[in-house]
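The structure is set out below, and my notes follow it.

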Amino acid sequence: MEFQGTRVLPGYLDKSRQMALVETVRDVARHAPLNRFMTPYGKQMSVRMTAAGRVGWVADQTGYRYSAFQPSGVPWPPIPQDILSIWTDITDLARAPDCCLINFYDENARMGLHQDKDEGNFDWPVVSISLGDDALFRVGTNDRRGPTRSVWLKSGDVVVLEGPSRLAYHGIDRLKPRSSTLLREGGRLNLTLRVVEDPI
Ligand code: MD3
Ligand code: FE
């Protein structure tokens with residue numbers, strides 16, 4: 001399925017790879033616990049986040065940014081090889097991503113329509129991996145008021161954002177609770193692989 005340059009690869013990861021990835025993410029989370037950041041408007045985000053890689057996403061009074069350090073002051077763990085190989089297989093790029101953002105959604109979590117534009121260069125694709133409960137993903141254009149399309153992302157689906165869709169508004173409207181048994185307690189994990197900066 002393809003719309004506005006967004007490539008959805010349904011069922012890209014089989015069940016055993018999905019299960020292995022959950023263990024990989026649990027291991028990352030042991031070194032980099034999930035955070036509940038504030039929005040720029042002073043509200044708690046419903047999505048919990050952590051990361052692996054040279055930089056990860058943090059938020060504090062001074063705003064949102066990529067940082068080499070977790071809120072605890074400790075560097076992020078490296079991106080695990082099984083996650084890196086998904087990027088390499090799909091993009092065919094020699095360049096590795098700098099960051100694997102990890103979002104955890106419980107059944108009430110959602111992510112409002114936003115653009116990802118804190119990376120230095122939008123020519124690089126973003127690769128997104130869904131694990132766990134189905135999620136209603138919405139993607140529009142690079143104009144907030146533009147038309148949007150919705151698609152249910154299922155466990156094992158991979159989305160590639162490149163070209164014009166790299167700057168498209170997008171978000172997660174809701175989950176379908178208990179639609180997957182991958183995570184024992186339910187919920188959804190989303191991994192996004194990004195190039196954040198060109199080498200200096
Ligand atoms: C379209 N995550 O982490 S993944 C995010 O499911 C984010 O957790 C959502 O939006 C999630 O920023 C959506 C699909 C996705 C990821 C990155 C994109 C779509 C995108 C970047 C540009 C355009
Ligand atoms: Fe995003």
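I counted a residue as near the ligand if one of its heavy atoms lies within 4 Å of it. The model is a predicted one, and in it I found 18 residues around ligand 1, with N103, Y105, H170, R188 and R194 as the closest.

I then sorted this shell by class and noted seven nonpolar, seven polar and four charged residues.

Next I looked up polar contacts to oxygen atoms of ligand 1. A polar side-chain atom of Y105 is 2.6 Å from one such oxygen atom, while an N or O atom in the side chain of N103 lies 3.0 Å from an oxygen of the ligand, and for N190 the corresponding side-chain distance is 3.3 Å. On its own ligand 1 has 490 Å² of accessible area, and the protein covers 98% of that.

I asked which elements build the shell, and found that β6 (99-105), β7 (111-114), β8 (126-132), β12 (170-176) and β13 (188-194) each give two or more residues, with β13 giving the most, four residues.

Turning to the pockets, I noted that ligand 1 sits in the largest one, which holds about 1000 Å³ of space. Its lining comprises 43 residues, and M111, G112, H114, Q115 and D116 are the closest to its centre; by class I recorded 20 nonpolar, 13 polar and ten charged residues.

The second largest pocket has a volume of about 270 Å³ and 14 lining residues, with R26, L34, F104, L183 and L189 nearest its centre. Here α1 (15-31) gives the most to the lining, with four residues.

Note on methods. Residues are numbered from 1 along each chain as its sequence is written. Chains are lettered from A and ligands numbered from 1 in the order in which they are written. This is a predicted model: local features need pLDDT of at least 70, side-chain atom pairs count only at pLDDT 80 or more; totals for chains, interfaces and linings use all residues. Side-chain values use heavy atoms; hydrogens and water are left out. A polar contact is a pair of N or O atoms within 3.5 Å; within protein, one must be able to donate a hydrogen and the other to accept it, and residues adjacent in sequence count only if both atoms are side-chain atoms. Accessible areas come from the Shrake-Rupley method with a 1.4 Å probe; for residues, only the protein chains shown count as cover. On a 1 Å grid over the protein atoms alone, a cavity is a set of points where a 1.4 Å probe fits but cannot get out, and a pocket is an open set with protein on both sides within 12 Å along at least five of seven lines; lining residues have an atom within 4 Å of a point. A molecule sits in a cavity or pocket if more than half of its atoms lie within 2 Å of its grid points. Ala, Val, Leu, Ile, Met, Phe, Trp, Tyr, Cys and Pro count as nonpolar, Asp, Glu, Lys and Arg as charged, and the others, Gly among them, as polar. Grid points are joined across faces, edges and corners, and a volume is the space filled by probe spheres set on the points.
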